[in-house]
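Please look over the sequence and the structure before reading on.

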Amino acid sequence: MSIGPFIDAFPMDLAPPEQCTVAVIGASLAGVAAGLFLAREGVDVVVLEAADTLGAGQSGRDLGLAELGVVEHPHRTLRALGDRADDLLAWTTQGKELLDAEGLVTDRGLTWIASRGQEEPELDESAAALAARGIPCERLTAAQVAERTGTRGLGGGLFLPDERVISPWRSVATLATALRTHGGVLVGGARVDRVDDDGDELLVHTARFTLRAEVVILAAGYDSGALDEALSGRLTAVREQLLCTPPLPQRFPGAHRAGQGWMRWQQQPDGRLVLGGARWASPHMAIGETEVVVEDRIQDRLDAFLLAHFGVSEVEQRWAHGFATTPDGLPIIGRLPGDPRRVALVGFGATPTALAAAAGRRVADGLLCGEADVPRIFSPRRIVRWRRG
């Protein structure tokens, strides 16, 4: 099955040195970012990627939306977190600034669009909640949405100008190239089977080699749960699906979410339109799906949305990817309970881009300075609460 468009070959090393200071398991956006920030400070870093291709997971296959919160109308996230939303806002702001600083941002602004009439009040509530926190937003009528996006048959919208969009694979590749420039090593085809304690060091075992490391960063998404007891049972696999059209003569500007945020799209510079979502077409929301395959009933809903709102029926490519989420929908970032040499960088869910960049920075800072400044809403200490119920 195709892994999706916009992914090019990226040469990776076949084997690492025998030992390093920090081993990062998973060449995700967060994992590569953490490795790069450490390598820039002279730390001996090795990043291990299970796939033979860089960006074969979520970080390289999705739309690259760097935005506030999780996949729900913004007012719901702000209401659910209360005062703790300040930490989320601060992290996403820092994450967007980091993406800007690395030259990864390709577009700005995101529009939440109502695809059903009863969704319009959600936009009004989000506009009020965002305005109360000083976050810029612009309420749009259905006519304005149609004019700005080139779509038809959708409702009003809420435009957030401070959101960011990156090119997913190109961004990971850019960070990986910089990682190597600063002395880091990136090894492909290196699926980690287990991590053992060998006294002062950790042994990272793959089928081809064993790597000795002083610290291990677990950034392998759902697979991280099999590598550390603290994460076992704390990560849930979810499957996401997308499609893209051939290059189109029509223009559909901007990046967008619709239908409670579960449908999302953006047209690429070459004219191909990428559309993803419709997990609700699966009886179980594609939760617990560890096999990354294309499912017809979800693709049928994507086809129907494409035809109804864009007037397009031809599809060039279809693909799927998996991601990991946690019981509260927020990532686990920082040193794991019981062993400070093991650091979590997982569970970013369906909206990893802004949080992943900030998390990579904070984890690197924590290893360099002794302790990461991680808000409680992201702290691994939540694992204890989940365990106790």
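This is a predicted model: local features need pLDDT of at least 70, side-chain atom pairs count only at pLDDT 80 or more; totals for chains, interfaces and linings use all residues.

Residues are numbered from 1 along each chain as its sequence is written, and side-chain values use heavy atoms, with hydrogens and water left out.

**Pocket and cavities**

- Rolling a probe the size of a water molecule over the atoms shows where empty space is left.
- On a 1 Å grid over the protein atoms alone, a cavity is a set of points where a 1.4 Å probe fits but cannot get out, whereas a pocket is an open set with protein on both sides within 12 Å along at least five of seven lines, and lining residues have an atom within 4 Å of a point.
- Grid points are joined across faces, edges and corners, and a volume is the space filled by probe spheres set on the points.
- The largest pocket has a volume of about 940 Å³, and of the 43 residues lining this pocket, G57, A220, G221, Y222 and D223 are the closest to its centre.
- At least two residues of that pocket lining come from each of α1 (29-39), α2 (58-61), β8 (192-198), β11 (236-244) and β15 (317-325), where helices (H or I, at least four residues) and strands (E, at least two) are DSSP runs numbered from the N terminus.
- Sorted by class, the lining of the largest pocket holds 24 nonpolar, 13 polar and six charged residues; Ala, Val, Leu, Ile, Met, Phe, Trp, Tyr, Cys and Pro count as nonpolar, Asp, Glu, Lys and Arg as charged, and the others, Gly among them, as polar.

**Nonpolar cores**

- A nonpolar core is a set of buried Ala, Val, Leu, Ile, Met, Phe, Trp, Tyr and Cys residues joined through side-chain atoms within 4.5 Å, with buried meaning under 20% relative accessible area, exposed over 50% and partly exposed in between (1.4 Å probe, protein chains only).
- The largest nonpolar core has 75 residues, and those with the most contacts inside it are L54, I217, I333, L345 and F378; its largest share, nine residues, comes from α1.
- Apart from this core lies another, of 28 residues, including A213, V216, L235 and A324.
- With neighbours within four places in sequence left aside, L345 is in contact (heavy atoms within 4.5 Å) with residues including A30, A34, I217, I333 and V363.

**Salt bridges**

- The whole structure has 31 salt bridges, each defined as a side-chain nitrogen of Lys or Arg within 4 Å of a carboxyl oxygen of Asp or Glu.
- R148 and E138 meet through their side chains in a salt bridge of 2.8 Å, N to O; because R148 lies in helix α6 (residues 142-149) and E138 in strand β5 (residues 138-140), the pair ties together parts that are ten residues apart in sequence.
- E295 and R297 form a salt bridge whose closest N and O atoms are 2.3 Å apart, with E295 buried at 13% relative accessibility and R297 partly exposed at 39%.
- R361 and D365 meet in a salt bridge of 2.9 Å, N to O, and both lie in helix α9 (residues 353-369), four residues apart, about one turn of the helix.

**Single residues**

- Q260, which is not a glycine, has a positive phi of about 60°; Q260 lies in the loop between β12 (255-258) and β13 (263-267) and is partly exposed, with a relative accessible area of 26%.
- A278 likewise has a positive phi, near 65°, in a residue other than glycine; A278 is placed in the loop between β14 (273-277) and α8 (296-310), and counts as buried at 0% relative accessibility.
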